[in-house]
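Here is a walk through one chain, with the sequence and the 3D structure to hand. Keep the viewer open and follow along from heading to heading.

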Amino acid sequence: MYVIQFIQYHQVNLSGHIFSLGPVTHCLSPPLCHNSIYLGCTLSQSFNPDFHHSPVIKMGWLHKTPPQGTLVFQKRWVMLDAQYLRYFQNEKEVYSKRIIAILSVTKVLNVGGQKFEVVTRNRTFLFRAENNTVREEWVSVLKETIQQHCNSMEKSLMNSSDTRGQRASRVSLISKQGYLEMSGLRSKLYVVICADSVFLYRNAEEHSQGVGITSIEMNLGTVKGTDKRSFNLTTIYRTFSFVAESEQQREQWVEVLQACVSHSLSSNAVAQKIWSEEANQRCADCGAPHPDWASVNLCVVLCKCCAGVHRGLGQSVSKVRSLKMDENAWTENQLFLLLGNDKVNLFWAANIPPSEMLCPSSDSEERQRFVTAKYCQGKYRCYHALFGQQEALNKALCNTIQTGDVLETLSLVFCGADVNCYTGDPELPSPVSVAQHYGQTLQVEFLTHNHNTGRSNETKAALPISHTGYLFKTASSTRAVTEHFSRRWCSLNQGNFSYYESEKSSSQSGQMKMSDVLCLVVNPQGKHGYGHSFELYHDSGRVYLFGEDSPDTVREWIKVIGKALVPPVAEDLVGWSFERVGRLRYTVGQSFHCPCLGWFSLGGSRLLLLLHGEDQVDNIDLRKLQELFTQGYSETSGAVVLVDRGRRLRLEGDRRPDYQGWLSGIQQGLGRGDGPLDQQQLTETEVPVIVDRCISYITQHGLKSEGIYRRCGVNSKIAALLLSLRHDARQVRLSEGVCQVDNVANVLKRFLREVGEGVFNGHQASLPWLHTTSDERRERVSQYKALLHSLPPVNRATLGAVINHLYCVQCFADENQMNMHNLAIVFGPTLFQTDGTDNSAGQVVEELIQNYQDIFNVSGSAVSAEELVCEVLRRGNIPPQQGDYWSCFLVNDNQEMERPLHYQERALAIYFSLGKDCHLVVKRNCYMEAMLIYIAAMVDVSRNSMIKFSDEKGQRGKRTFSRRLCVLDGTSLRLYKEVKVTEDGRRMCSTQPERECQVHALKVYYGIKKRLQPPSCWGMTVVCEQAERDKQQWYLCCESKNELIKWLATFMNLQVVSFCVTETYSTFLTCCITVMCSLSLLLMD
Ligand SMILES: [Zn+2]
């Protein structure tokens, strides 16, 4: 029980990770934020996740010197909130010229002449106020804000209940950062996506200094790819056009930004309000419950499926909004409360034949048909009496909008009344102005939303996707495609793909419904004789091949066919350079039964998927799959199982030829050992599995091995091991053995030395590392930092992991003889892939190790036991469960005892200080639940009862346990030898305790070593360290488990209370329970 090491848990090689946890970024950072190295603006927000809602503390005009430092002052509108000081060109600007994180402000100084300085670590901003009073106001409010910021940070650090929020925000805030070109600017910007905002900096340096240009709140943003490498970020105020370094990068940016938008919209307040009208609790079209979308101009509340169809109709027909949107963005509340789905449907759905009714389970085709008929054609509406009489309709409209009858207005407008008609009154010429005049705000709102909707073409079919043109086509076939192409006029319209002999032919030579197409495959260039070609896999099992030499023609076809193929909510599936898109049957988890139909698109290492009933496209990075295997694969049927982040997804193939393509596509995307770093199999933290495996192994078995990384190992074994790791690193289990350590060490070196482009991303990119310009250490460090940031994510993560590892190795230099310098000599040429004649490579690596914490921005041994537990469980994919309490135990093999670390204890520091008999083990704390129950019912936080006691100084080597009265209260633990029991049952004890120890100096371990022959198995070992020399170990043995739990609970209770002595008892208890819950994993979810 005691000798369990990490590795024995869950068969995941956790040991290495845990060990390297301390100074490592790659361990604590979650997958999303492998690159959240800088804490600059991150930290400032981590204590207030709602930072973008931070109210303005002070704003006003100030004069400011321009950055060049000339003394010409410029008038700027300055705004301060709890997190940032910003200044703007003028008071109407939405986007600041400068944004300064309060966190980075070190002081605020008065400097004569109505001036004051805001000093950050690297820069000083000089402001001048109108007069001294205004100056004083600014200075004092700034100082106060900075102080409060510090306080809140301190409080968060102290306050146990905040540790979770703090951690959670630290791990999730920055989701992407890097350089992007922005149109209209000559130089690139450093862009950071952080929580719900996008921050723009001139460069990475600025980011680390906490001084940026501006922030863009994403809660009202939309993101759209525009060209290969470019995309637009549109807010209600303006559009920002960016160009990424590569197409792939653009994909990533767009994806992360979209996640950022949807995250920022996850407010439920609006939905709750709108659902308070009962009729709005069901979708206006299909009746599905809890509809959380709405069409603001048609005035209907919709489910996500119907909303998807609405969106497909275009803005001119239906303006779709999420109810999950920020409350402030929703002005339509009242309109929806006044009208409600039922009343509005009295108009829109007055005459629906039962056969055409929609229900929540209707398929997308039915939905499409119904929604188009309902809103585009007005097929089911209740015709207004004036229908067809334009003038009368317009007149009626002008009258109705003076009243509160919005429903009548809706009926008029959607029966033909012109929202923009002339009212006849030159003072109030438009219907909107009339409604405004009469104070009918809801009417104004309704009219505004329908201002530019194209009512006139309402009878026109609304399917937006249509495309025509010539393509070369082969005869369809069921097998390998023949290459006899003929030129055909092709047309995609209303979900039908048809082709003709020529443009002029009136009868088609063939047709297929897009709904019968299973899969669209984009062929590699040049395949099948044409420059560009694609295939359509039909439900019948037939395959159609189309080709053209012009890339643009084919790209356009692929785009429109892709769009027509997938449901509107799945549009993201086709908005990138995919290789295949289509539908597959799948199951999730262990079940084989009742597969659902899902939509997938695949390209390179990315598999995008939209599972049944979801409205968000999900993303699997195939390089990071935990497992992939096929089941029952044969010519006729088979399935491929992907295990991703603990989720098991089984994709089913059947007889059709499309499955095989999916399978081989997925297998190719898994990552290959002979590719560059970013094509390798990766861990969650973007480190190649090969590197991770080797580092874990050395960490576990080789840290103290003399000459590690310098000894050469057995060449044949190294080659064989590297070969098998390159083939499939995940499948390789490194076995233990004496020589093995050196072999593995050499595998790591050889891999790094040979990997394509190397860790520094090619020879060219590695040069600036080798030729940093400054002589000063501090400046070189910041140059390294900037260079680190310019590395692609996988390279950055890999370098971080390797340097971290070397940092750990040199911690054991006394034993392994490998200090920083020795390691650098070995790893310099390895990492830079040089021949070693130039020693600058070694120097750089040495400096990287030396300044590891600074460059990689990791805070040493600050990892708490709690963080460690969370990390281990995350890595082991162990979901938190109610009543499950996990702790990190310090286990002492020799003494056969263990104790759960206090959640705040610094696990890494402890780990490094452990002797060879000790381990840290993360495991369930089986006493915790019982202890919590006991504590909850406790009236008095002290305990006294008889207990069996022994200590190290037994007589003649034979230790005996004898009865003592043991008293434990808020100050100390005392043991009394002589006890008398009075007649009324009270225990009287001698005035002098035999043993005494202050509570804060106690460490309580579970268990007593067997050699001492404890009288029961319910023992504790109490280590008392009152003074350096006076370290005592006492053994206390209880008679029952129940008794033991009571003692342990009291100890824990008292030791936790020492953190908040002055609190009242009840607060203390709450605090106590919170603390223990954080020990447990309740806070994980
Ligand atoms: Zn619906």
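## Charges over rings

The charged end of R943 sits over the ring of W1047, 5.2 Å from the ring's centre. For a charge to sit over a ring, NZ of Lys or CZ of Arg has to be within 6 Å of the ring centre and within 35 degrees of the ring normal. R487 does this too: it lies over the face of Y470, at 3.9 Å from the ring centre.

A word on the source: this is a predicted model, where local features need pLDDT of at least 70 and side-chain atom pairs count only at pLDDT 80 or more, while totals for chains, interfaces and linings use all residues. Residues are numbered from 1 along each chain as its sequence is written, and side-chain values use heavy atoms, with hydrogens and water left out.

## The chain overall

There are 33 helices and 44 strands in the chain. Helices (H or I, at least four residues) and strands (E, at least two) are DSSP runs, numbered from the N terminus. Of the 1085 residues, 54% are buried. Buried means under 20% relative accessible area, exposed over 50%, and partly exposed in between, with a 1.4 Å probe and protein chains only.

Take the contacts between residues at least 6 apart in sequence: 60% of them join residues at least 24 apart. A contact here means heavy atoms within 4.5 Å.

## Aromatic pairs

How many aromatic pairs does the structure hold? The count is 32. Rings of Phe, Tyr and Trp (its six-membered ring) pair if their centres lie within 6.5 Å; planes under 30 degrees apart count as stacked, over 60 as edge-to-face and the rest as tilted. F370 and Y380 are stacked, because their ring centres are 5.4 Å apart and their planes are at 25°. This pair links F370 in helix α12 (residues 364–376) with Y380 in the loop between α12 and α13 (390–400), ten residues apart. Both F370 and Y380 are buried.

Y470 and W489 make an edge-to-face pair, because their centres are 5.0 Å apart and their planes are at 70°. Y470 is in strand β19 (residues 466–474) and W489 in strand β20 (residues 485–493), 19 residues apart. W489 counts as buried, at 15% relative accessibility. Elsewhere, F347, W348, Y375, F414 and F446 form one aromatic cluster.

## A three-strand sheet

Look for an open sheet of three strands in the order β17-β16-β18, with antiparallel pairing. Two strands pair if DSSP finds at least two bridges between them. β17 (300–302) and β18 (320–322) are at the edges with a single partner strand each, so one side of each is left without a neighbour in the sheet. On average, neighbouring strands of this sheet are turned by 30° against each other, direction ignored.

β16 (residues 293–295) and β17 pair over three bridges in the antiparallel sense, and W293 has L302 in β17 as its bridge partner. Helix α9 (residues 304–313) packs on the sheet, touching β16, β17 and β18, and its direction makes about 115° with that of β17. Axes are lines fitted to C-alpha atoms, for helices over the stretch in contact, and angles run from 0 to 180 degrees between N-to-C directions.

## Nonpolar cores

The largest nonpolar core has 63 residues, and Y709, W769, L799, I803 and L831 have the most contacts inside it. Such a core is a set of buried Ala, Val, Leu, Ile, Met, Phe, Trp, Tyr and Cys residues joined through side-chain atoms within 4.5 Å. Helix α24 supplies the largest share of this core, nine residues. A second, separate core of 48 residues includes F370, A373, L412 and L447.

In helix α16 (residues 441–449), Q443, V444, E445, F446, L447 and H449 are buried. The buried residues of α16 pack against α10 (333–338), α13, α14 (406–413) and α15 (431–437).

## Two residues to look up

Is T798 buried or exposed? T798 counts as buried, at 0% relative accessibility, and lies in helix α24 (residues 793–811). Leaving aside neighbours within four places in sequence, T798 is in contact with residues including L677, E686 and V759.

H538 is in strand β24 (residues 532–538) and is buried, with a relative accessible area of 14%. Neighbours within four places in sequence aside, H538 is in contact with M512, D516, L518 and Y544.
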